[in-house]
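Here is a short report for a first look. Keep the sequence and the model side by side as you read.

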Amino acid sequence: MANNPFAEFSLERAIGLRWILRDIQAGRLKLSPVSDEDLDILTELGLVELHDGEPELTEAGAAVLND
């Protein structure tokens, strides 16, 4: 991945954030809620946006999962 948005995080943290993106994409938030801290990080990275209070992947977020 040429432009890794998780480069500043430890490997464990980066893996956790990628799993959160997968959970958002698959609609598994009721089973696996996202912490406010994680949601803030993903929003700041431009990978997630809130729509009607629910997180949704941006194009960049979807691209991270497709890499």
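Is phenylalanine 6 buried or exposed? Phenylalanine 6 is buried, at a relative accessible area of 3%. Buried means under 20% relative accessible area, exposed over 50%, and partly exposed in between (1.4 Å probe, protein chains only).

## Basis of the model

This is a predicted model, in which local features need pLDDT of at least 70, side-chain atom pairs count only at pLDDT 80 or more, and totals for chains, interfaces and linings use all residues. Residues are numbered from 1 along each chain as its sequence is written, and side-chain values use heavy atoms, with hydrogens and water left out.

## Aromatic rings

Rings of Phe, Tyr and Trp (its six-membered ring) pair if their centres lie within 6.5 Å; planes under 30 degrees apart count as stacked, over 60 as edge-to-face and the rest as tilted. The count is one aromatic pair. Phenylalanine 6 and phenylalanine 9 form that pair, and it is tilted, with 6.5 Å centre to centre and 55° between the planes. Phenylalanine 9 is partly exposed, at 21% relative accessibility.

Arginine 22 lies over the face of tryptophan 19, 4.9 Å from the ring centre. A charge sits over a ring if NZ of Lys or CZ of Arg is within 6 Å of the ring centre and within 35 degrees of the ring normal.

## Two helices

Helix α1 covers residues 11-26 and helix α2 residues 36-44. Helices are DSSP runs (H or I, at least four residues), numbered from the N terminus. The two pack at an angle of about 85°, with axes 11 Å apart. So α1 is roughly perpendicular to α2, a term for angles of 65 to 115 degrees. Axes are lines fitted to C-alpha atoms over the stretch in contact, and angles run from 0 to 180 degrees between N-to-C directions.

Arg13, Leu17, Ile20 and Leu21 in α1 meet Glu37, Asp38, Ile41 and Leu42 in α2. Contact means heavy atoms within 4.5 Å. By class, this contact has five nonpolar, no polar and three charged residues. Here Ala, Val, Leu, Ile, Met, Phe, Trp, Tyr, Cys and Pro count as nonpolar, Asp, Glu, Lys and Arg as charged, and the others, Gly among them, as polar.

## Residues to find

Aspartate 38 sits in α2. Aspartate 38 is buried, at 13%. Not counting residues up to four places away in sequence, aspartate 38 touches Arg13, Leu17 and Ile20.

Aspartate 23 lies in α1 and is buried, at 12%. Leaving aside neighbours within four places in sequence, aspartate 23 contacts Arg28, Leu29 and Ser32.

Leucine 11 is in α1 and is exposed, at 66%.

Notes. Angles under 35 degrees count as roughly parallel, over 145 as roughly antiparallel, 65 to 115 as roughly perpendicular and the rest as oblique.
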